[in-house]
Amino acid sequence: MTTILRLPGDPAELTLPALLLRNAEDHGDLPALSWRTEIDAGWTTLTWSEVRREAATLAAGYAALGVERGEHVLMMMTNRPEHWLSDLALTHLGAVPVTVYGTAAPEQVAHIARHSRARVAIVEGARELGCWEPLLADPGTRLERLVVAEAAQAGPHRTYESLKGHEPLGSWGNLGVLEKNGGVLEQRGLLKAGTQGRTDVFEKAWRETRATDPLTVVYTSGTTGEPRGVRVTHRNVVLNAHALNRLVDLPDHVEHLCYLPLAHIAERMLGIYLPVFRASHVYLCPDPAQVGAIARELRPAQFFGVPRVWEKLAAAVRTALAGLPARRRADVDAAMETARARVACRERGEDPPAELEEAYRTEKERVLDPILALAGFDRLVWTASASAPMPPDVADFWAGFGLVIMDAWGLTETIGVATTNSPAAFRRGSVGRPLDGLELRTAEDGEILVRGATVFDGYLRADGTVEDARDAEGWFATGDLGRIGDDGFLRLTGRKKEMIVTSTGKNVSPAHVENTLKEHPVVDQAYVHGDGRPYLVALLVPDPAAAEDPADLAEAVAHAVAQANTRLSRTEQIRRYRVLDREWSPATGELTPSLKLRRTAVQERYGDVIEQLYTF
């Protein structure tokens, strides 16, 4: 059942610190935050009362460094306790924590440092210092000091001892600080400041915070241009969490596996704000490559993944199924068809017939759950995705195990989820209905407009003021295109600023064509090009494991393109394509940290290849 929690006031007037106090008072002995120092080590866990105590200590330490109400503090760390707890500590001071993607280029980091006017940044270690230390001498920034969470080498002549990342949090007393003026690394003892009676700063400051105050600024990764700072208030977050909590039934104090970047609004909501609202249990995973292993260990009740994550997981399960004996595989296929039939009934809003329900329960226990258990997914009651279109074949695959991936849609500007499917009402291929308190409509050109209390109040300007992005009636133009069906479900049709206009004047949504191509399992990633051109071409990254014979990979890709073309309009069809031999990722630059395609980056990197596709 959905967690039933005491709300210490009107949700529209609550702040995150008020909810943390509620957790310490009502659920103080329950686990709140767990992490491990090594892959095979045990979990270290803090209860909610301990989390609040550590946050108070850290807040006192940051106050001793001069952090003040309303100022931005930048952070570049993985999903580790120092990151999570510092976020809460700064929030209690009335400061505004801002997480920067660990994969951000130096010029992007410099832009955010200048734009945010931050004086303090908290970074993980030596790798981050290489990017941040030059900014201390950059006259375009106000950056004065770096707080470092790991022992590191800061330069040829400057070394320091700092937080030993694998020790208890009491070692916060050894945080290293690099000063702008002296350029000398020294120990500042944040914990020591907290133990000298300064935790009163924590209690006083958070009680002065109001729901309309900024909670964070999220710099959108975007696909083109410089990041924009989205200002998010306590009210935005709490009302969004309140609406989500009423929509989804979850076990009390449910666990959450926190593995996506905390610079992304999705993980900030799922990994910090919703757990504080629900008094749930967060497991930190600093390395996303370990998420599969941790899921197998924890067997979580909920799991969120962007489509790329679900694609990868599906590919792994498909590979395992391909190795089964023919008779066993036939049993699995039959069980999956039963599960899909049950999902189809639920999708229509019907109760499955008694015989179908009984068959599903039998097959689930006998065939499906043992396979799901190999992935740690046999206890799942809520599965969700967002950020990019979910390939229909991937959704269909998981439906064969009885798992309906609840596709959602939203932007940083809508505090993450704006519309979502739910177990009570879902339509595959849609992104659901609006959350309570949010209005939705489409403009004449199909652009989706949203209005409500969970929509941000504006973009941060470089001078610290806020630029309201809503019109006179409060509507925010999202830049996404869609249509709202008679059933109230939203279906996305493309991205307005990414629309391809061919030389014949036809409009094409590249996302739609790319998604159609990726429905074939051999097409792992796709980029479609054709703006100002007479026809479309594509760059394709194949999945060799999806071809029955690796030697037939080229033939399999050709078949996939031909199959997709049968389902596309003439204007949308792919005339020519090139198969690439390297997977795209945030590290290689073709994907954003949230795994969205950087269209401009792909176009620039493969410009010669694209030109060749238009040359006979």
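These are my notebook entries on one predicted model.

**Entry 1: the whole chain**

I began with overall size. The C-alpha trace spans about 70 × 60 × 50 Å along its principal axes. I then looked up the radius of gyration. A compact globule of 616 residues would have a value near 25 Å, and the chain has 25 Å, so the two agree. For secondary structure I noted 18 helices and 30 strands.

Next I looked at burial and surface. Of the 616 residues, 57% count as buried. The accessible surface of the chain comes to about 25,500 Å², and carbon and sulfur atoms hold 50% of that. Taking contacts with a separation of 6 or more, 66% are between residues 24 or more positions apart.

**Entry 2: the nonpolar cores**

Which residues have the most contacts inside the largest nonpolar core? I found Val 51, Trp 84, Phe 303, Phe 377, Trp 398 and Phe 401, in a core of 126 residues. Helix α9, residues 265-278, gives the largest share of this core, with nine residues. Another core lies apart from it and has 26 residues, among them Val 100, Leu 135, Leu 143 and Val 217.

I then picked Val 51 and listed its contacts. Leaving out residues up to four places away in sequence, Val 51 touches Leu 20, Ala 32, Leu 33, Leu 46, Trp 84, Leu 85 and Leu 88.

**Entry 3: a four-stranded sheet**

I turned to an open sheet of four strands, which has the order β2-β1-β14-β13 and mixed pairing.

I followed β13 to its partner. β13 and β14 (residues 281-284) run parallel and are joined by four bridges. For Glu 255, the bridge partner in β14 is His 281. Helix α9, already noted for its share of the core, lies across β13 and β14 and runs at about 145° to β13.

**Entry 4: Glu 363**

Last, I looked up one glutamate, Glu 363, in helix α13 (residues 354-375). Is Glu 363 buried or exposed? Its relative accessibility is 14%, and the cut-off for buried is under 20%, so Glu 363 counts as buried. Beyond four places in sequence, Glu 363 touches Asp 331, Ala 335 and Leu 368.

Key
Residues numbered from 1 in each chain as written. Predicted model: local features only at pLDDT ≥ 70, side-chain atom pairs only at ≥ 80, totals over all residues. Heavy atoms only, no water. Core = buried A, V, L, I, M, F, W, Y, C linked by side-chain atoms within 4.5 Å. Buried < 20%, exposed > 50% of the residue type's maximum accessible area, 1.4 Å probe, protein only. Helix = DSSP H or I, 4+ residues; strand = E, 2+ residues; numbered from the N terminus. Contact = heavy atoms within 4.5 Å. Pairing = 2+ DSSP bridges. Axes fitted to C-alpha atoms, helices over the stretch in contact; angles between N-to-C directions. Rg over C-alpha atoms; globule rule 2.2 N^0.38 Å. Areas by Shrake-Rupley, 256 points an atom, 1.4 Å probe, with all protein chains shown as cover.
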